[in-house]
Structure formats: C-alpha cells, structure tokens
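Colleague: I have some questions about the labels on this model. Please set each value against its rule.

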Protein chains: 2
Amino acid sequence: MSTAQGARARARTEVAAAIKDEARRQLAAEGAAKLSLRAVARELGMVSSALYRYFPSRDELLTALIIDAYDSLGEAAEAAYAKVSGESPARQWVAVCEAVREWALARPHEYALIYGSPVPGYTAPSTTVPAAARVGLLLIGIVRDAYRDKGVAQWKLPAELQPEARRMAEDLAPDLPPEVVVVLIGAWAQLFGLVNFEVFGQFNRVVEDRGTFFRHAAGQLAHHVGLVYPQSGAKER
Amino acid sequence: MSTAQGARARARTEVAAAIKDEARRQLAAEGAAKLSLRAVARELGMVSSALYRYFPSRDELLTALIIDAYDSLGEAAEAAYAKVSGESPARQWVAVCEAVREWALARPHEYALIYGSPVPGYTAPSTTVPAAARVGLLLIGIVRDAYRDKGVAQWKLPAELQPEARRMAEDLAPDLPPEVVVVLIGAWAQLFGLVNFEVFGQFNRVVEDRGTFFRHAAGQLAHHVGLVYPQSGAKER
DNA sequence: GCACAATCAAGAGCACTGCTCTTGCTTTGG
DNA sequence: CCAAAGCAAGAGCAGTGCTCTTGATTGTGC
C-alpha cells in the first residue's frame, strides 16, 4: 500500500501533535516550570518512556512549544495587520502592537516562554530565530511602506552611533535610512517592555486602565519612529 | 550573658545569610530553575532537612533572593545617581538607566529573577513591592526635580486617557502633571524592555555595539519624558 | 544551679521528576 | 516471507522538594 508508510508517518505526527497539545495545556495551566513529561504521558494514556521517541528530551519539547508560540504570535500580528492594511501607517503600527499585547495577555505562560526569561538551562537554539523575527519584520515592513510612500520623520544620530546604525540598517532594511532603523529597533524592544510589565504584573497597583494606557504608549512609539500619529500632539513648553 | 540569646540569633542570621549566599552562587551559575535546596545544603555541609528551619520552602528562599536582588539593583541605581546628582536631569536619567543595564548584564540570572518571567508557580508576595519600587521612585524623583526647577516638556493627552492619568499622578507623584506621569510610567517600562532584550539575547545578531545603542535609546527616553537631552536634536522632515 | 522548654542537626522516607536500558510486539520494505 | 526498523511498556537510577521522628545542644525561668 502506498499509504502504509504514510500511515506510520501520519500516526507519528499525530501523536507528536497530541503531545504538544497536552503539553501546551499544562503549560497554560501551571507554567513552564511545572510542565512534566510524565504528567503529559499519563494524560495521554501512555508510559513516560514512550514519549522519548517523539521528543528526545524535555528541553526539546519546550523548544518545539517555543517555535509554535513564536509562530502563533506572528500569525496573530499578521492577521491584525491584514485587517488594517488600508489605514494609516500609524494605525497599522498600533494595531499590530495591540495584537501582540492581546495575544500575550491571553496566553501569559506561552508569552513568558518566548519573551520572559529563558527557561531551565538552555540557550535558544538557532531553529527559533526565523520564527522569532516575524513580529519585528512586520513592524519594519510598516515603516518601510510609510517611508516609501511619503517619508518619515527622522532623528539626528550622534556621531558615535552612526557606524552601528549603518550596520543595522544594512542587515535589516537597506532601503531605510539608518536613523529610522535605530529608533525602530529601540521601539521594538520598548514595545515588549510595555507588554512584559503588564503581563508579569509590574503594572499592578500602578496602571489600572491598561488598555487605553497601552494604546496611547503604542501610539507614542509610532510617533517616535516617525509615523504620523493622529492627535499625538506636539510637546508644549 | 546578654550575648547568650544574641549569640543564638546571630548564628541564625549568619546561617541564613550563608544559605542565601550559596543559593545566589548556584543561581548565578545555573539559573533559578536549577537551584536545588539539597545542593545548597550539601555545599554548606549540612543535611537538606536542616535547611527548612531557615527557609520554609524553596519558593521562600527564592523570594528572599528576589527581595535582595531588588535591593541590590536599587542600591546600584542610587549609587549611580549620587555620582551625577550635580549634572543635568537628562544626564542623571541616562546614568541611572545605564546603571540598571550594567547591573543586569553582570547578573543575568538575578535580573531574570526579578524582571524575567515570574519563576515556578508562585505569585509575587506583597513583601517584594517596596523593594521593587526603588528604581521607579528614583526615576520619578529625577523628573520631579527637573520639573520643580524649570519645568519639563509635556505631551497632550487624548481625552480617554485623562482620568487614568489623573489617577496615576495622584498615586505616584501628586506634584507632577498627569501628562508627565503617563509618559514617565511608559518610559519606565520601556527602559526594562531595552534591558530585557539585551540580557535575554533578543539583540543577538541585530545590535552589535549595544552600549552606545543603549545610551542613545536611554537618552531618547529622557527626551521623551520631557528632560532636555543634549544633542538630542529635533526631528527632520 | 537546675530542670524545663525551645532550637537545632540529622536521618529515614514519601512522592515526584527526567532519563536510560532492556524486553517484547507490530508494522514496514526488500 | 523475513529481516529490519519503529514502537510501547516496564524496571530502574539518580535526583528533587518536603515531612516526620529522633537526639543532642542551647537558652531561660524557677
């Protein structure tokens, strides 16, 4: 049968998917630290040693979950972008930021897996790099379109930063001026600073209406990278 | 003897300190996840059960380390502030930011303990709150002084954010205008976004000269909260 | 000064973890 | 059709957090 081997392979990927699903369930329920291979196997009605045929170690399972999480976040961000692709760049930017925030708030433990502190002992394998870049590339794309369209506001860079800025621009977006790329990378990191503080509870007893606060902060970031933000307003005094 | 009970108490705090020191050593070496009570006890030449007389659980030990880490970071930030207290507010701001960054880079695992994802299963006990606030209060103080001195630039707030802004200002800094407090809190979170990305490796293969990049980004944050940053330059185009 | 009470270290033990190795059974491909 | 590969299961090892019990040491009120 031509499906013979296919059946094996299919069964294999199905079991692997079931393992990941159950692991994700436990991750959402108890956090990465309490994710137990034995508990996953138990819940799936198999013995723990059988599970090692699908994932060679606990860390490899976690790595698979990390990649999936990056992809899921990337998809959420891209879906949000698709919905507002006709609007102004600043609105696109804010929409993507809000999508990241909402994704993170809905799955704090999965978010912690990718943007919290790196888990157990491991160092992120290079497999995760492409998936991890998706949100960043999306933000770059928004600014690139705006820049191609009618340009963006730019900051002057101090001389000491210019070589590094040129390096970054060459690697990430050769069609954008270094001045823009620098603030873009900064805004990228700062966006996740905002999300981190909210997800990890640092805003408890500090910010109450976190939704509008975040929308405003994301708008400020858009303005900072040079996108014209409606009602952002100039500084006074 | 008057030192009799004192001797007991002193011995107790000494042993507790030794436990924390050894735990910190293992934390720095292997990370929070691999910190083991038994290994700490082993290294200290005692049996694991004896350790439970000093810390009722592993999580309590970690909590103690968290508080110490917050305090250590707070001290580092305040020391950096003290060294530049005569200079401009923007320079003070940047100095404190850089102190935070350097502290974090020197002790990534301790940093992860407080600003990474919350560890194992716990929720941060309220004991940590005062220690956690030190860096934030320091930053607020810098802006407050600048404001009292000659005022700071302010953003206009959208109407929807104004109630929340007033709330935050009332709680955190009644003597500052809500417009300033809002951007201040945002900048606070964004600062740790920058540090997080660097410490946790998100800048690998993206930013090379991270020191000057960070200094510039911190300067931009200072400018954003309204402090006049030397050579920050206005936007073009 | 002494007995009582509190404090402490130590050991044994429980339930759990990640992981390995060996034993058999089923499926697959030549 | 038969050897080879894939797979589940079980036993077992070393390690973990934590509890309970047993003795010894220490500090304090009578």
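Colleague: Why is Phe197(B) called buried?

Modeller: Its relative accessible area is 2%. Buried means under 20% relative accessible area, exposed over 50%, partly exposed in between (1.4 Å probe, protein chains only). The value of 2% therefore puts Phe197(B) in the buried class. The residue is found in helix 10 (residues 178–199) of chain B. Helices (H or I, at least four residues) and strands (E, at least two) are DSSP runs, numbered from the N terminus.

Colleague: What is Phe197(B) in contact with?

Modeller: Contact means heavy atoms within 4.5 Å. Leaving aside neighbours within four places in sequence, Phe197(B) is in contact with Tyr115(A), Trp188(A), Ala189(A) and Phe192(A) in chain A, and with Gln202(B) and Phe203(B) in chain B.

Colleague: What should I keep in mind about the source?

Modeller: This is a predicted model: local features need pLDDT of at least 70, side-chain atom pairs count only at pLDDT 80 or more, and totals for chains, interfaces and linings use all residues. Residues are numbered from 1 along each chain as its sequence is written, chains are lettered from A and ligands numbered from 1 in the order in which they are written, and side-chain values use heavy atoms, with hydrogens and water left out.

Colleague: What makes up the interface of chain A and chain B, and how much area is buried there?

Modeller: Chain A gives 60 residues to the contact and chain B gives 60 residues. The buried area is about 5,400 Å², with 63% of it from carbon and sulfur atoms. Buried area is the accessible area (1.4 Å probe) that two parts lose on being put together, summed over both.

Colleague: How many salt bridges and polar contacts cross between the chains?

Modeller: The salt bridge count between chain A and chain B is zero. A salt bridge needs a side-chain nitrogen of Lys or Arg within 4 Å of a carboxyl oxygen of Asp or Glu. Seven residue pairs are in polar contact across the interface, both residues at pLDDT 80 or more. A polar contact is a pair of N or O atoms within 3.5 Å; within protein, one must be able to donate a hydrogen and the other to accept it, and residues adjacent in sequence count only if both atoms are side-chain atoms.

Colleague: Which helix of chain A gives the most to the side that touches chain B?

Modeller: Helix 10 of chain A does, with eleven residues. By class, that side of chain A has 31 nonpolar, 17 polar and twelve charged residues. Ala, Val, Leu, Ile, Met, Phe, Trp, Tyr, Cys and Pro count as nonpolar, Asp, Glu, Lys and Arg as charged, and the others, Gly among them, as polar.

Colleague: What makes Glu198(A) and Arg101(A) a salt bridge?

Modeller: Their side chains meet at 2.8 Å, N to O. The limit is 4 Å, so the pair qualifies. Glu198(A) lies in helix 10 and Arg101(A) in helix 5 (residues 89–106) of chain A, so the pair ties together parts that are 97 residues apart in sequence. Glu198(A) counts as buried at 10% relative accessibility. Arg101(A) is buried too, at 11%.

Colleague: What about Glu78(B)?

Modeller: Glu78(B) forms a salt bridge with Arg134(B), the closest N and O atoms being 2.9 Å apart. Glu78(B) is in helix 4 of chain B and Arg134(B) in helix 8 (residues 134–150) of chain B, 56 residues apart. At 31% relative accessibility, Glu78(B) counts as partly exposed.

Colleague: Why is Glu22(A) called buried?

Modeller: Its relative accessibility is 9%, under the 20% limit, so Glu22(A) counts as buried. Glu22(A) sits in helix 1 (residues 2–30) of chain A. Beyond neighbours within four places in sequence, Glu22(A) is in contact with Val40(A), Glu43(A) and Leu44(A).
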